[in-house]
Amino acid sequence: MEAIGLLMHGFAVLLTWKTLLLMMTGLVLGIFVGVLPGLGGPNGVAILLPLTFTMDPTSAIVMLSCIYWGALFGGAITSILFNIPGEAWSVATTFDGYPMAQQGRAAEALTAAFTSSFIGSLVAVMLITFLAPMISSFALKFGPPEFFAVYLLTFCSFVGLGREAKHKTVISMSLGLLLAGIGMDTVSGQLRMTFGSAELLRGVNFLVAVIGLFGISEILLTMEERLALRGHAAGISLRVVLSVWKDLPKYWVTLFRSSFIGCWLGITPGGAIAASFMGYNLAKRFSKDQDSFGKGRIEGVFAPETAAHASGTAALLPMLALGIPGSGTAAILLGGLMVWGLNPGPLLFVEHKDFVWGLIASMYLGNVVGLVLVLTTVPIFASILRVPFAAVAPMIVVSCAIGAFAIQNAMFDIWLMLGFGVVGYVFKKIGIPLAPFTLALVLGNRAEDAFRLSMIGSGGDLKVFWSNGLVGSITTLAIVLLFWPVIDRAFSGVSRMLRPAKA
Amino acid sequence: MSNTDIEIVVEDPTAPEANSPQVVSVRVVDVVVSLLLLALAITLGLDNWRAGAGWESTGPQPGYFPFYLSIILGGASLYGLVAAFLSRTEATETFVTRAQLRRVMAVFVPTVLFCLATQFLGLYVASFLLISGFMRLVGKIALWKSLLTAFIFTAAMFVTFDVAFDVIMPKGPLEAALGR
């Protein structure tokens with residue numbers, strides 16, 4: 001297999017002391033942000049992004065993706081020991097993880113969580129290894145209409161499948177696309193929506209917006225809550241680890257099912273949150289002993305953690321193969337790629353082999369190193385929570401400001417970040433989702449270019465989006481997904497009408 | 001495990017009281033945000049109309065794509081406005097209580113001051129002031145701990161960004177006096 005040879009090459013790129021050191025640093029920083037309340041994957045990656053600006057792209061992405069893995073691992077620690085999900089996708093882990101800790105089985109629960117996270121990611125990385133090159137070589141045949149159709153599919157699936165009120169998703173997305181258009185128009189060179197401001201000439205930088213939306217707003221939200229907490233401390237001994245691992249084969253069905261759900265939901269923009277709940281619920285439904293769930297059953301930890309990690313990892317597949325991120329964090333990594341001068345999309349696999357395979361290899365290596373790291377250092381990380389938030393909050397604010405400034409060396413961006421912080425705070429509280437906004441902002445220009453190029457090609461005829469089987473089916477699928485809630489209701493209405501007739 | 005009985009306890013003495021009165025309901029904020037978005041959509045829509053939202057011989061004009069987006073944004077905000085007016089649940093939901101608002105302001109106001117200070121004093125001085133001030137005044141942490149933490153953090157940032165990675169931050173009179 002060609003993929004395996006390239007993967008080995010990727011490992012060779014990585015196995016230097018410098019890279020391994022960066023990996024460890026990334027993981028530690030990631031676990032740190034995962035454990036801290038009010039900071040998570042997207043925030044962590046966004047805040048720490050400026051650290052990587054001066055590195056070469058491969059080192060940078062290795063460090064950033066390790067921050068991401070670390071944050072995924074870290075979320076489990078607070079859920080189990082403190083009953084506080086560090087991340088939304090860790091909520092399902094608290095159902096059985098915290099009861100286990102209360103029964104004095106914290107070490108067992110943590111081992112289970114870390115191990116299943118590891119398995120989930122591993123399955124997803126294997127999927128990426130073999131599927132991503134295939135998809136990207138297929139996508140090389142895409143022209144502008146096909147690309148626009150894929151972008152449309154991404155946006156429509158957010159509206160149709162998201163849990164939030166539909167009009168709020170639409171608001172968030174159109175706002176993101178509009179802000180992406182501010183500044184100089186790339187085709188005609190004309191200025192748009194700048195209202196004579198020289199600062200707006202540069203446009204609204206995606207990363208500045210993200211740092212404000214996720215970093216600053218999260219601090220404001222965290223301050224609202226009561227920050228007192230009580231939890232169990234735990235150390236993990238080798239004996240516990242081995243005994244949990246010995247039992248692993250018994251749960252292979254759960255692990256496999258959750259990995260599958262996670263990969264599936266990760267690729268479609270739905271996210272890790274839905275995956276973790278679905279993994280948990282299905283494990284419960286298929287269990288012979290449903291009542292024991294929620295009372296400290298180890299399967300209740302395995303199922304959501306595997307699914308959350310599989311989906312968090314699988315979200316990187318469409319990003320690598322097509323340049324379309326499957327989650328908020330993937331969108332930020334994508335923004336990073338552009339800062340380092342890489343053009344995300346199918347060409348990445350052709351033009352930057354070292355980079356892509358280095359990244360994929362780092363996913364394998366990062367997860368192995370991460371597993372060992374968390375298993376050995378849990379007590380230290382649990383005690384991070386002792387650090388008062390009054391000390392952590394201003395440091396996060398400073399890091400955000402450094403990040404926002406460093407991107408374009410503009411003071412205006414610090415103010416912009418502050419503005420986005422307020423917007424993010426208000427939006428979160430009134431239920432306007434931020435993920436579609438992030439995605440729209442990062443994809444906006446490319447979606448518009450694809451649209452205009454296809455329009456120029458066809459002479460302004462919208463039929464170009466149905467001009468061949470491929471683009472036609474993607475566009476149709478996008479429209480079906482957009483109206484999915486309506487279609488779903490219609491179907492269940494029809495089947496309800498038919499059922500009494502059958503009976 | 002044997003050591004699970006050791007509990008980690010963190011207190012939060014300045015936590016917002018649970019029974020604090022509400023400042024504003026979710027509905028009011030939702031209506032205001034919808035109106036603002038509507039105004040934004042109209043402003044951007046007009047600007048794009050001016051830039052040209054039609055077709056020319058080479059394809060769509062620069063304002064074409066954003067013009068239709070402004071219409072979508074406007075439509076969705078209008079829908080949101082009506083939905084917020086009609087919603088009964090939102091009227092009873094609290095957007096923020098007085099105690100919560102006080103805490104949010106306790107972090108937001110220093111952040112604004114920090115940004116101002118960054119503009120005039122440079123980032124490193126501003127960050128020292130923010131961290132030490134916030135820890136001391138909001139967190140009620142001992143003065144020497146606050147100053148020490150702020151100094152170590154700021155110095156670490158300076159070494160990481162300015163010395164090691166050459167990422168230049170806004171600087172003020174202090175850095176100039178030190179010759180950096």
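Predicted model: local features only at pLDDT ≥ 70, side-chain atom pairs only at ≥ 80, totals over all residues.
Q: Thanks! So what does that rule give for chain A, and what does the chain have?
A: For 503 residues, a compact globule would have a radius of gyration near 23 Å, and chain A agrees because its value is 23 Å. The C-alpha trace of chain A spans about 70 × 70 × 50 Å along its principal axes.

Q: What's the secondary structure of chain A like?
A: Chain A has 22 helices and 3 strands.

Q: And how much of chain A is buried?
A: Buried residues come to 61% of the 503 in chain A. On the contact side, take the contacts in chain A with a separation of 6 or more: 79% of them join residues 24 or more positions apart.

Q: Switching topic: how many residues does each chain put into the contact between A and B?
A: Chain A gives 69 residues and chain B gives 70.

Q: Which elements of chain A are on that side?
A: Those giving two or more residues to the side that touches chain B include helix H6 (106-139), helix H8 (166-181), helix H9 (206-224) and strand E3 (229-232) of chain A. Further along chain A, the list also has helix H17 (353-384), helix H18 (389-408), helix H19 (411-429) and helix H20 (435-458).

Q: Which of them gives the most?
A: That's H18(A), with 11 residues.

Q: How does that side of chain A divide by class?
A: The side of chain A that touches chain B has 46 nonpolar, 13 polar and 10 charged residues.

Q: Is A:Ala390 buried or exposed, and why?
A: A:Ala390 is buried, because 23 other C-beta atoms lie within 10 Å, and 20 or more is what counts as buried.

Q: How far is A:Ala390 from A:Val35?
A: They are 355 residues apart in sequence and 16 Å apart in space, C-alpha to C-alpha.

Q: Over to chain B then. How do H4(B) and H5(B) meet?
A: Helix H4 (residues 98-121) and helix H5 (residues 123-138) of chain B have axes that come within 8 Å and cross at roughly 155 degrees. H4(B) is therefore roughly antiparallel to H5(B), as angles over 145 degrees count that way. The crossing is right-handed.

Q: Which residues make that contact?
A: From H4(B), they are B:Ala106, B:Pro110, B:Phe114, B:Ala117, B:Thr118 and B:Leu121. H5(B) brings B:Leu123, B:Val125, B:Ala126, B:Leu129, B:Leu130, B:Gly133, B:Phe134 and B:Val138. The contact of H4(B) with H5(B) divides into 12 nonpolar, 2 polar and no charged residues.

Q: And what about H5(B) with H6(B)?
A: H5(B) and helix H6 (residues 143-164) of chain B pack at about 150 degrees with their axes 8 Å apart, so H5(B) and H6(B) are roughly antiparallel too. H5(B) passes H6(B) in a right-handed crossing.

Q: Which residues of H5(B) and H6(B) meet?
A: Among them are B:Phe128, B:Ile131 and B:Met135 in H5(B), and B:Leu147, B:Phe151 and B:Met157 in H6(B). By class, the contact of H5(B) with H6(B) has 11 nonpolar, 5 polar and 1 charged residues.

Q: Last topic, backbone angles. What is phi for B:Lys140, and where is B:Lys140?
A: B:Lys140 has a positive phi of about 55 degrees although it is not a glycine. B:Lys140 is in the loop between H5 and H6 of chain B, and B:Lys140 counts as exposed because it has 12 C-beta neighbours inside 10 Å.

Q: What about A:Asn409?
A: A:Asn409 has a positive phi near 50 degrees and is a residue other than glycine. A:Asn409 lies in the loop between H18 and H19 of chain A, and A:Asn409 is exposed, with 11 other C-beta atoms within 10 Å.

Key:
Residues numbered from 1 in each chain as written. Chains lettered and ligands numbered in written order. Helix = DSSP H or I, 4+ residues; strand = E, 2+ residues; numbered from the N terminus. Rg over C-alpha atoms; globule rule 2.2 N^0.38 Å. Contact = placed C-beta atoms within 7 Å. Axes fitted to C-alpha atoms, helices over the stretch in contact; angles between N-to-C directions. Parallel < 35°, antiparallel > 145°, perpendicular 65-115°, else oblique. Left-handed = near helix turned anticlockwise from the far one by under 90°. Nonpolar A, V, L, I, M, F, W, Y, C, P; charged D, E, K, R; others polar.
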